[in-house]
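Please look over the sequence and the model before reading on.

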Amino acid sequence: MTNKYDYDVLYIGAGHATFDGAAPLAKTGVRVGVIESGLIGGTCPNRGCNAKITLDEPVKLTREAARLNDILSSAPTINWTANVAHKQEIIDPLPAGLTARLEDGGATIIHGHATFKDAHTVVVDDQQTITAEKIVIATGLKPHRLDIPGTKLAHNSSDFMNLKRLPQSIVIIGAGYIGMEFATIANAAGAQVTVMLHGDQALRDFYQPFVAQVVDDLTERGVTFIKNANVQAFTKQDDQFQVSYGDHQQLTTDWILDATGRIPNLDSLGLDRIGVKYDRHGVYVNDHLQTNVPNIYAAGDVLANDLPKVTPAAYFESKYLMRLFSGQTSAPIDYPVIPSVVFTSPRIAQAGMKIPAAEKAGLTVSDNDLADYWYYQVSKEPIAASKQVHDQDGHLVGVTEISDQAEDAVNALLPAIEYQLDREQIDRLIGIFPTIGYAAWHRA
């Protein structure tokens, strides 16, 4: 590194793609700057994962209580206002904690919006000029908005999680992670929910027979699904809103959630000015997370790649860049198995090779009906199953599970998939009994 610039490494964005690596990098003596226009921590801690899982916790409890209604003396209901207040109690301290983590490590935080002036220079809020030897683009994703009349009448995921009162009726446009998770939460809290799909499939990245079970369960609970909705416009009608869709059809609702996805957050960065290659999928990098401009890197959800846009991937990339910039490695990034989960009720979690790819490759795919397994019967789970993929040598190379405990089961199996453990090695892993982790290993 050289003293020619203000910083050795400058990060644009302060989410997981930054702080997980920037703080330890600064501790190595590298001069680190972090520019953030919003809350330190970015999407996941402030308006994503942490907030969502807090809102979902009562949903999980009410589901289990309903199944145990012949044992419990009363059925709990969700107080939406209190739930949102509790969510805020959880996430409000996070930016300060992450700020302290960065600053205690020696990093400098600059608040404002950064725009590239040249490959080594950014301007913050058109006022402060900052230079760096290396710059990391870690600006993540932002909500997509439908390009239709009345689009501003719809709300995004942050708006939903900040609702002080839950509307009586909600229309959700989109059936990806956000659409399906928020449909689950809103329905459990008492709203009348309609989900409008762009095509005929929800959660396209997950095993569709399992997705169908989630959709069927939500349908039985009162959620309406409209496939191939072809949403055309939103209009305001007194205190309500109308969604125009299909062949001149209309639906009146109290609130609209645009959950049509998230797109790279690259507004006004000035990437065209410096020639960084990007498109609607994100920023393109090589196997060292380096863009086509040699001193500029990118990490996290803003990348144009096929990896799941999940926090663990951003974490791993941030840690990799820390090792790269501190001289601890010069090797290309070698991704581990990255799991993903959708927090519906039940959840669907997956890691490693997906079922359709495994079936196409002719690998062994085992079926496990977990609803009959005693540990799942403890809480009377009606929907619980897994499919495991083994290669020709018997190694576990993929797993997909649907259950209320799917994320924990898949987490337990990650070492077997990542390190290609053989049967003898797996048999030596004796977990705590009784736990879902033990049950997952027992089936591996």
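In which loop is the place of Pro-346? Pro-346 sits in the loop between strand E19 (340-342) and strand E20 (347-352), where helices (H or I, at least four residues) and strands (E, at least two) are DSSP runs numbered from the N terminus. The peptide bond that leads from Ser-345 into Pro-346 is cis, with omega near 0°. A cis peptide bond also joins Phe-433 and Pro-434, with omega about -5°, and Pro-434 lies in the loop between helix H14 (423-427) and helix H15 (436-443).

The model is predicted, with local features needing pLDDT of at least 70 and side-chain atom pairs counting only at pLDDT 80 or more, while totals for chains, interfaces and linings use all residues. Residues are numbered from 1 along each chain as its sequence is written, and side-chain values use heavy atoms, with hydrogens and water left out.

Two further loops hold residues with positive phi. Asp-238, which is not a glycine, has a positive phi of about 60° and is found in the loop between strand E11 (231-237) and strand E12 (240-245). At 67% relative accessibility Asp-238 counts as exposed, given that buried means under 20% relative accessible area, exposed over 50%, and partly exposed in between (1.4 Å probe, protein chains only). His-248, in the loop between E12 and strand E13 (249-253), has a positive phi near 60° and is exposed, with a relative accessible area of 75%.

Helix H7 (residues 177-188) has twelve residues and reaches 17 Å from its first C-alpha to its last, close to the 16 Å expected at 1.5 Å a residue, the expected span being 1.5 Å times one less than the number of residues. Nine of the twelve residues of H7 are buried, so this helix is largely enclosed by the rest of the structure; among the buried residues are Met-180, Phe-182 and Ile-185. After H7 comes Gly-190, whose phi is positive, near 110°.

The spaces were found on a 1 Å grid over the protein atoms alone: a cavity is a set of points where a 1.4 Å probe fits but cannot get out, a pocket is an open set with protein on both sides within 12 Å along at least five of seven lines, and lining residues have an atom within 4 Å of a point. Grid points are joined across faces, edges and corners, and a volume is the space filled by probe spheres set on the points. By this rule there are two cavities of 30 Å³ or more.

| Space | Volume | Some lining residues |
|---|---|---|
| Largest cavity | about 50 Å³ | including Gly-300, Asp-301 and Glu-317 |
| Second largest cavity | about 40 Å³ | including Pro-143, Ile-178 and Arg-262 |
| Second largest pocket | about 240 Å³ | including Lys-60, Tyr-375 and Asp-408 |

Asp-301, part of the lining of the largest cavity, is marked as a "binding site" in an unreviewed UniProt entry, whose annotations may be inferred rather than shown by experiment. Asp-301 belongs to the loop between strand E18 (296-298) and helix H10 (311-325) and, at 24% relative accessibility, counts as partly exposed.

Domain 1 (7-142 + 263-326) and domain 3 (346-441) both give residues to the lining of the second largest pocket, so this pocket lies between them; the domain bounds come from an automatic or database domain assignment. Helix H3 (49-67) and helix H13 (406-418) each supply at least two lining residues, and H3 gives the most, with four.
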